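Dear colleague,

I am handing over to you the structure we discussed, together with its sequence. Please find it below, followed by an account of what was found in it.

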Amino acid sequence: MDVPKGDTPLASNVNPKVTQETGSNDSVSDIVNPVSVIILGQDHGLDKIPAGDIFSGNIEPDTYEYDQNGNQDTSKPVTAIENKTNHDLNKNIDIINSSPYDLSDVQATIDVPDGMDISGLSVNDTRHSFSYTFTLEDGSKQTGTFNTGSLSTLLSTTAGKKIKKVQLVFDKLIAFDSVNNFGLNGVLAKNYQDGSEVKAGNNLHTELHLTANGIASPDELATFTQNQKIVEKIPVKPEIHYNQISASGSQTNKQPGTKNAGSIYSYASDLLNDPEKLTYYVVLPTNAVFNSADLPKNTKMSELRINGRNVVKIVGDFSQKNTGTQWTINLDNSNLITHNNLSSNYQVYVVLPDGENVHYKDRLTDTDKLPFVENSTNAYQLAWGDWNVIAATGVYPKTQAQGNQNKDLTMQGQSDDKGPSEMTFSNVLVNSESKAEHDAVIIAHVPGTDDTKSEFDFKLKDGNSAKVKNITTNQTVSQGVRIYYSTENLDLTQLNSDDSDLMAHFVSADQINDWSKVKTVMATIAEIPGDTVYGLNLDGYAPNFVRDNNKTAYASSVVWTDLLKPIVIAAGSKDSASVTITGQSTVNFKLHFNDNSQADIAIPELSHAYQDGKDTMQKADFIKATKNSDFDDAVKNKDYTLIPKAVIDAIPNGYVLDVESGANIENSNAKYPDNRANNPAEFGKTVMYDFDGDTVVYNLVKAETFTKKIIVKRIVKFEDIDNPGVPLKPDDNKELDPVEISGTYNPLTGKVLTVNDLSDSSDRLTLAKYEFPDVLDDLIYQNWPTRSK
């Protein structure tokens with residue numbers, strides 16, 4: 001049967017008699033109340049439920065801003081002043097009965113925000129009939145009904161009046177039913193009700209209130225809201241370019257200390273045509289050491305230390321022209337291997353410009369990995385791979401070194417002569433056994449030319465220059481450690497634990513007066529734990545650093561323990577780590593207007609790179625011309641042998657190059673470490689660190705103007721056409737009126753640069769008809785470039 005709306009009680013009108021039989025064949029009887037039941041109606045308990053537990057509602061804004069992936073960002077609802085056509089400023093306004101009850105007399109009220117000019121209600125759900133009341137801006141009301149089955153429509157106001165409130169009444173809304181997709185149709189107002197301007201940056205606030213008959217506290221409405229920000233322009237979906245960029249790695253050798261044991265590389269097949277700036281981050285394995293990099297032009301590489309890992313950062317302009325392999329990093333296997341770093345991994349990330357993605361890759365959000373890309377917001381992981389090294393067993397020595405270009409110790413350190421002169425040589429004892437090693441001794445020679453292999457001298461700075469460090473953790477080890485110094489250049493091959501006079505060569509730090517004279521350092525270490533690497537680090541400097549370009553210094557040492565016999569690493573041997581000092585300086589070129597009328601013109605094509613300490617800078621590296629007339633000849637003949645085309649092309653009309661006054665050199669404002677001087681570059685000198693960034697400057701001189709009168713003669717010959725060369729009568733010589741010409745000339749050579757057009761002169765004289773004499777005073781010379789024929 002149909003369930004009635006209200007509760008239905010059912011009960012007998014006769015009191016029943018109940019009899020109970022006892023165990024002795026007796027019985028007990030009594031009269032009881034009749035049984036009653038209540039059949040619950042459809043709205044049972046509805047009066048106990050408030051509107052907030054019955055209704056759900058939804059209001060969507062005009063539109064949303066787009067995120068960098070081209071998706072609408074639902075956290076940024078907006079409406080645009082630019083959109084002047086009538087449209088739904090709020091859309092998808094939904095009224096939802098979320099309860100199991102059929103509701104009656106459902107009332108919905110939509111408050112139109114101040115700042116919207118709404119003239120209609122969009123109706124898209126035609127399954128429900130309802131009545132509506134529009135409260136208009138003048139306080140009047142407009143009413144009407146919408147019937148089930150009607151077409152989607154726009155309920156508009158009469159005479160275009162603006163709506164301030166919409167009230168909808170539905171006779172019935174069954175359980176779990178909804179009425180969807182209403183819209184407030186109109187445009188943004190020009191002014192608020194108080195007369196102030198509606199402008200970008202302001203917010204609009206729309207409210208939907210719902211209630212129904214028979215619910216608890218029907219005057220306590222369920223309210224739903226939507227805010228949206230006013231913006232100037234309609235949001236435009238960004239064009240997203242999906243790059244196809246990949247990376248990988250290849251390890252070809254797993255032996256500790258192997259050079260070029262593998263590489264990591266990136267390649268691309270779909271970059272934008274125009275060069276775009278990409279940043280790659282390569283996290284190196286902990287058991288590998290950076291060797292070298294193959295990079296395209298217009299890229300810069302730097303090394304970072306992030307979360308205990310060495311990271312190579314590559315920044316450059318990459319384009320579709322250099323698709324394929326973008327870069328390659330070559331790695332050596334570390335020679336400091338314990339069980340703790342037998343296995344490691346490499347990681348490769350790329351950071352793209354906003355508006356670009358990597359095809360089939362998700363943006364990096366892992367908080368453990370974001371530090372490796374310096375917390376960039378548009379980063380993608382390209383690769384992750386294993387890097388393994390075969391276990392080296394036992395106890396053995398190694399050496400390491402670090403120049404100012406190295407983030408960590410390595411076998412072949414590099415120092416740039418424009419950086420600090422400090423460097424480190426580490427003499428290492430590797431204990432790859434699981435048990436501790438005792439009574440270890442490391443004796444290290446301070447690198448210098450007296451070892452017969454080093455090409456420059458390295459000096460200790462002070463009493464803190466020598467330390468024993470745990471190479472893995474970079475922590476200084478002091479417990480059980482003693483360090484001694486010697487000013488003697490001891491023969492490492494003759495030192496051992498049996499030498500009773502060993503300590504006679506060494507003293508403690510408090511007995512050293514001049515640290516630059518220390519030649520040998522000894523560390524005694526009571527215990528080296530298992531799977532640990534200890535190193536005697538010598539921190540110092542090269543006293544003649546800027547003069548030691550293209551030179552190398554080598555580490556050398558001898559080590560032993562209670563069980564290990566002395567092992568020597570000789571300077572310059574295959575196990576001897578080194579630091580090489582190199583440098584490259586770039587000298588720039590520019591043109592200067594001697595009248596200071598314009599900004600200087602830089603010409604990057606003429607920038608010249610030199611190897612410091614090796615190359616000599618010559619004036620001819622930039623311009624080979626020696627005479628001012630060489631400029632005239634270069635312009636006339638388009639011969640760029642003496643003056644490069646880039647210079648000629650850069651000189652604006654009305655100026656000439658002053659060659660003979662020579663080239664000035666403008667010093668850079670660079671500051672160098674160790675209070676080193678920054679002297680200007682000099683022609684004919686060996687290039688030094690401070691040549692870098694200096695600029696060769698040539699002057700431009702303004703062309704002069706002239707005005708001259710010339711005499712043109714016309715000669716008419718009369719000859720027999722049948723007998724050429726036979727005159728019929730004397731030549732007719734006529735001198736025309738003087739003709740005034742004007743133009744510009746090179747004030748350094750007198751060479752004419754331009755001559756004004758004579759086609760409008762009074763006698764119709766044109767340069768095409770007559771030749772000028774070879775010389776016009778002393779300003780116009782023979783064969784000037786624009787001479788007419």
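Which residue of β23 does L304 stand opposite? The residue is V311. Please bear in mind throughout that this is a predicted model.

**The sheet that holds this pair**

The strands β22 and β23 run antiparallel and are joined by eight bridges. Both belong to an open sheet of five strands, in which the order is β22-β23-β20-β25-β27 and the pairing is antiparallel. At its edges are β22 and β27 (379-388), each of which pairs on one side only. On average, neighbouring strands of this sheet are turned by 20° against each other, direction ignored. In general terms, the strands of a sheet pair through backbone hydrogen bonds, and the pairing may be parallel or antiparallel.

**The largest pocket**

The strands β22 (299-306) and β23 (309-318) also contribute to the lining of the largest pocket, each with at least two residues. The pocket contains about 1,500 Å³ of space. Its lining consists of 48 residues, and those nearest the centre are E303, N406, K407, D408 and L409. Sorted by class, the lining comprises 27 polar, 11 nonpolar and 10 charged residues.

**The cavities**

How many cavities of 30 Å³ or more does a search of the whole structure find? The search finds two. The largest cavity has a volume of about 50 Å³. Its lining is made up of V446, P447, G448, D450, D457, F458, K459, S516, V518 and K519. Of these residues, four are nonpolar, four are charged and two are polar.

**E488 and its surroundings**

K519, one of the residues that line the largest cavity, is also in contact with E488. Leaving aside residues up to four places away in sequence, E488 touches H505, K519 and T520. E488 and K519 are 31 residues apart along the chain, yet their C-alpha atoms are separated by 5.6 Å. E488 is located in the loop between β35 (481-486) and β36 (520-528).

Is E488 buried, partly exposed or exposed? Its relative accessible area is 35%. Buried would require a value under 20% and exposed a value over 50%, so E488 counts as partly exposed.

The two strands on either side of this loop, β35 and β36, are joined by six bridges and run antiparallel. Within this pair, V481 has I525 in β36 as its bridge partner. Both strands are part of an open sheet of five strands with antiparallel pairing, in the order β35-β36-β31-β39-β40. Because β35 and β40 (567-569) stand at the edges with a single partner strand each, one side of each is left without a neighbour in the sheet. From one strand to the next, the twist averages 15°.

**Strand β10**

Finally, I would draw your attention to β10. Seven of the eight residues of this strand (residues 116-123) are buried, so β10 is largely enclosed by the rest of the structure. It pairs with β15 (residues 178-188) through six bridges, the two strands running antiparallel; here D117 stands opposite V187. β10 also pairs with β13 (residues 153-156) in the antiparallel sense, over four bridges. In that pairing, V123 has T153 as its bridge partner.

With kind regards

Notes. Residues numbered from 1 in each chain as written. Predicted model: local features only at pLDDT ≥ 70, side-chain atom pairs only at ≥ 80, totals over all residues. Heavy atoms only, no water. 1 Å grid on protein atoms, 1.4 Å probe; cavity = no way out; pocket = protein on both sides within 12 Å on 5 of 7 lines; lining within 4 Å. Points joined across faces, edges and corners; volume = space filled by probe spheres on them. Nonpolar A, V, L, I, M, F, W, Y, C, P; charged D, E, K, R; others polar. Pairing = 2+ DSSP bridges. Axes fitted to C-alpha atoms, helices over the stretch in contact; angles between N-to-C directions. Buried < 20%, exposed > 50% of the residue type's maximum accessible area, 1.4 Å probe, protein only. Contact = heavy atoms within 4.5 Å.
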